Amino acid sequence: MYRSIVQISMKRITITGNLGKDAECREGQGGHKFVSFSVAYAERDTDAKDEQGNPIKEAQWADCEIYVKPENSAEGIVNLLKKGRFIYVEAYDKVEAWLDKENKPRARVIYRVTNFHPAFRYRIHLEYPGFP
């Protein structure tokens, strides 16, 4: 007898970059909290050129969101995520769509964070006596 096995795989995204602004916390229904922040994660060349003829680079931004359960505090996360901090984020994407005031369709991608930690740009090498 054969059993069917269904494996659901979620697209996982890894983002490393600098925070563009301090994290903000908002509260939803039932005391659920959401910590929002944006990460500049890469540069892209544009067709435009500066005065010296060099291509102008443009930052790419990822809007991220961390869900915090009602019984937990978001204060520590908000204090940790400050503008300019280099961060490593694991997330999955969610598309939000709506109609604006002129009844035009709008959409954006939100990255729902599953894991994050402040990252270091450079490997730290500590020298200990007797350790090569």
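Tutor: Note that this is a predicted model. Start with a single side chain, that of Lys33.

Student: Which residue's backbone oxygen does the side chain of Lys33 reach at 3.0 Å?

Tutor: Lys33 lies in strand 3, residues 33-49. A polar atom of its side chain lies 3.3 Å from the backbone oxygen of Pro70. The backbone oxygen reached at 3.0 Å belongs to Asn72.

Student: What is the nearest side chain of opposite charge to Lys33, and how far away is it?

Tutor: Lys33 is buried and has no salt bridge. A salt bridge needs a nitrogen and a carboxyl oxygen within 4 Å. Among the residues that Lys33 touches are Cys25, Arg26 and Glu27. The nearest side chain of opposite charge is Glu27, at 5.7 Å.

Student: Is Glu65 buried or exposed?

Tutor: Glu65 is found in strand 4. Buried means under 20% relative accessible area. Glu65 has a relative accessible area of 4%, so Glu65 is buried.

Student: Which side chain makes a polar contact of 2.8 Å with the side chain of Glu65?

Tutor: Residues touched by Glu65 include Phe34, Val35, Ile110 and Arg112. The contact of 2.8 Å is with the side chain of Arg112.

Student: How many residues apart are Arg26 and Glu65?

Tutor: The side chains of Arg26 and Glu65 meet in a salt bridge, with N to O at 2.6 Å. The pair links distant parts of the chain, with Arg26 in strand 2 and Glu65 in strand 4; their separation is 39 residues.

Student: How far apart are the closest N and O atoms of Lys21 and Glu24?

Tutor: Lys21 counts as partly exposed because its relative accessibility is 40%. Glu24 counts as partly exposed too, at 46%. The two form a salt bridge, and their closest N and O atoms are apart by 4.0 Å.

Student: Which strand supplies the largest share of the lining of the largest pocket?

Tutor: The largest pocket has a volume of about 190 Å³. Of the 13 residues that line it, the closest to its centre are Glu24, Ser36, Phe37, Cys64 and Arg108. Strand 2, strand 3, strand 4 and strand 6 each supply at least two residues of the lining. The largest share, four residues, comes from strand 3.

Student: Which residue has a positive phi of about 65 degrees although it is not a glycine?

Tutor: Look in the loop between strand 5 (86-99) and strand 6, where Asn103 has its place. At 55% relative accessibility, this residue counts as exposed. The residue with the positive phi is Asn103.

Student: In what order do the elements of the chain run from the N terminus on?

Tutor: The chain has one helix and six strands. Of its 132 residues, 23% are buried. From the N terminus on, the order is β-β-β-β-α-β-β.

Note on methods:
Residues are numbered from 1 along each chain as its sequence is written. This is a predicted model: local features need pLDDT of at least 70, side-chain atom pairs count only at pLDDT 80 or more; totals for chains, interfaces and linings use all residues. Side-chain values use heavy atoms; hydrogens and water are left out. Buried means under 20% relative accessible area, exposed over 50%, partly exposed in between (1.4 Å probe, protein chains only). Lys and Arg count as positive and Asp and Glu as negative; His and the chain ends are not counted. A polar contact is a pair of N or O atoms within 3.5 Å; within protein, one must be able to donate a hydrogen and the other to accept it, and residues adjacent in sequence count only if both atoms are side-chain atoms. Contact means heavy atoms within 4.5 Å. On a 1 Å grid over the protein atoms alone, a cavity is a set of points where a 1.4 Å probe fits but cannot get out, and a pocket is an open set with protein on both sides within 12 Å along at least five of seven lines; lining residues have an atom within 4 Å of a point. Grid points are joined across faces, edges and corners, and a volume is the space filled by probe spheres set on the points. Lists of a residue's contacts leave out its neighbours within four places in sequence.
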